[in-house]
Amino acid sequence: MNSLLVVYNALPSILSGSLVTVGNVTLSLTMGLLLGVPMAVAQVYGGPWLRRLVALYVWFFRGVPILVLLFLCYGLFISIGISIDPFFICCIVLGSTSTAYQSQIFRGAIESLPHGQLNAARALGMRESTGICSIILPQAMRLSIPGWANEFSILLKDSAICFVLGTQDIMARTSFVAARTHEHLALYATAGVLYFVLTLVVLKLLRLLEQKIHVPGYSSGIGMEGMGMG
């Protein structure tokens, strides 16, 4: 009974932390989308040096743990004398990491399309950049929705580690209350349920989006079945 009372009293604070978490993930995911698409195009259609440069970026951010990147980024800003809110440091790190993963999602989608489409666009007198933007990318974006949804789930879980920098997200507020009340099990279970609900809601929305823009013959399914929610 005492545990339920503690959770009830702490719930408003933890829920307010969810706004920070959602904001962090949204900004990071948006950054990954805006930078990941050009990187994917560069890997498929760019020159050798550009492809190597993107591959190096992907290799670095996929190979270094997020916790290490957070401290590196934080230390970098401290060393050059720039004061920045930890929230934005987390957005930069998660966004940079998400860029690496999303670029590979979009690259795979682009490479899965028939190569003759771009050749046909060139034969019709269309510039390559126009063909990529008007023909290739709209199809690739549609095919990328399942992978993009999976990236959201991963990013949401990775955001939990950002509390080490002092961001007032779900984990930070949960840890603060747990340290004061010693009701660790009940509070962390509540945080876990909240993360699960956020994931479920967004995946459902993306599932509806995929069904809305689905074209017969294109692969479908965000992966809800894999979670037992299909």
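Student: How many salt bridges does a search of the whole structure find?

Tutor: The search of the whole structure finds 1 salt bridge, where the term stands for a side-chain nitrogen of Lys or Arg within 4 Å of a carboxyl oxygen of Asp or Glu. Please keep in mind that this is a predicted model, in which local features need pLDDT of at least 70 and side-chain atom pairs count only at pLDDT 80 or more, while totals for chains, interfaces and linings use all residues. Residues are numbered from 1 along each chain as its sequence is written, and side-chain values use heavy atoms, with hydrogens and water left out.

Student: What makes the contact of Arg107 and Glu111 a salt bridge?

Tutor: The N to O distance between the side chains of Arg107 and Glu111 is 3.0 Å, and the cut-off is 4 Å, so the pair meets the definition. Both residues lie in helix α4, 4 residues apart, which is about one turn of the helix; helices here are DSSP runs (H or I, at least four residues), numbered from the N terminus.

Student: Why is Arg107 called partly exposed?

Tutor: Buried means under 20% relative accessible area, exposed means over 50%, and partly exposed lies in between (1.4 Å probe, protein chains only). Arg107 has 24% relative accessibility, so Arg107 counts as partly exposed, and Glu111, with a relative accessible area of 38%, is partly exposed as well.

Student: Is Ser28 buried or exposed, and how do you know?

Tutor: Ser28 has a relative accessible area of 0%, and therefore Ser28 is buried. Ser28 lies in helix α1 and touches Cys90, Cys91, Leu94, Gly95, Ser98 and Leu155, not counting residues up to four places away in sequence, where a contact means heavy atoms within 4.5 Å.

Student: Which residues touch the most other members of the largest nonpolar core?

Tutor: They are Leu70, Val93, Ile170 and Leu187, in a core of 37 residues. The elements that give two or more residues to this core include α1 (2-45), α4 (86-111) and α9 (184-213), and α1 gives the most, with 8 residues. The group is called a nonpolar core because it is a set of buried Ala, Val, Leu, Ile, Met, Phe, Trp, Tyr and Cys residues joined through side-chain atoms within 4.5 Å. Leu187, for its part, touches residues including Val6, Ile14, Thr174 and Val177.

Student: Which residues make the nonpolar surface patch?

Tutor: Val193, Phe196, Val197, Val201, Leu205 and Leu208 make a patch of about 550 Å². Patches are made of residues with over 30% relative accessible area and no salt bridge, and nonpolar side chains (Val, Leu, Ile, Met, Phe, Trp, Tyr) are joined within 5 Å. Leu208, in helix α9, has a relative accessible area of 52%, so Leu208 is exposed.

Student: What is noted about the phi of His182?

Tutor: The phi of His182 is near 65°, a positive value in a residue other than glycine. Most residues other than glycine have a negative phi. His182 is found in the loop between α8 and α9, and His182 is called exposed because its relative accessible area is 60%.

Student: Where does UniProt place the feature "transmembrane region"?

Tutor: The unreviewed UniProt entry places this feature at residues 20-42, 54-77 and 185-206, though annotations may be inferred rather than shown by experiment. In the model, residues 20-42 are 100% helix, with end C-alpha atoms 33 Å apart, and residues 185-206 are 100% helix, with end C-alpha atoms 32 Å apart.

Key. Patches are made of residues with over 30% relative accessible area and no salt bridge: like charges are joined within 9 Å, nonpolar side chains (Val, Leu, Ile, Met, Phe, Trp, Tyr) within 5 Å. Accessible areas come from the Shrake-Rupley method with a 1.4 Å probe; for residues, only the protein chains shown count as cover.
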